[in-house]
Amino acid sequence: MEDTGQVLYVYRCPACQARGEVHLPGDTHDGEAACCRSCGGPVVLEWDGGVTLHVTPPIGDGSADS
Ligand SMILES: [Zn+2]
């Protein structure tokens, strides 16, 4: 099968501070253990939000006091 539906997860290694990215199918891998690609140490995956890296300005919330 194709890799459609792959979700980007990121991690930062507590040992060597390396940042890594992992693509896994589905959005249920948040908090899962993985291995640092740099030093091989244990890291924890964090779901990267499942969105593209658009920079969107904050809209609405907080700007209208009533
Ligand atoms: Zn590492």
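A nonpolar core, as the term is used on this tour, is a set of buried Ala, Val, Leu, Ile, Met, Phe, Trp, Tyr and Cys residues joined through side-chain atoms within 4.5 Å, where buried means under 20% relative accessible area, exposed over 50% and partly exposed in between, with a 1.4 Å probe and protein chains only. The model is predicted, so local features need pLDDT of at least 70 and side-chain atom pairs count only at pLDDT 80 or more, while totals for chains, interfaces and linings use all residues. Residues are numbered from 1 along each chain as its sequence is written, and side-chain values use heavy atoms, with hydrogens and water left out.

Begin by selecting V7, Y9, Y11, C13, A18, A34, C36, V43 and L45, the nine residues of the largest nonpolar core. The strand that gives the most to this core is β1, with three residues; strands here are DSSP runs (E, at least two residues) numbered from the N terminus.

Next, pick Y11 and display its surroundings: leaving aside residues up to four places away in sequence, Y11 touches A18, R19, G20, E21, V22, C35, C36, R37, V43, V44 and L45, a contact being heavy atoms within 4.5 Å.

Now show the strands as a cartoon and find the open sheet of three, whose order is β2-β1-β5 with antiparallel pairing. Because β2 and β5 (46-47) stand at the edges with a single partner strand each, one side of each is left without a neighbour in the sheet.

Then move to the zinc ion, whose protein donors are the SG atoms of C13, C16, C36 and C39, at 2.2 to 2.3 Å; donors are N, O and S atoms within 2.8 Å of the metal (3.2 Å for Na, K and Ca), and water is not among the atoms, so sites may look incomplete. The spacing of the donor residues in sequence is C-x2-C-x19-C-x2-C. C13 lies in the loop between β1 (6-12) and β2 (19-25), and C39 in the loop between β3 (33-35) and β4 (42-44), so this pair ties together parts 26 residues apart in sequence.

Finally, colour the cysteines by accessibility: C13 is buried at 1% and C36 is buried at 4%, whereas C39 is partly exposed at 44%.

Terms used
Helix = DSSP H or I, 4+ residues; strand = E, 2+ residues; numbered from the N terminus. Pairing = 2+ DSSP bridges.
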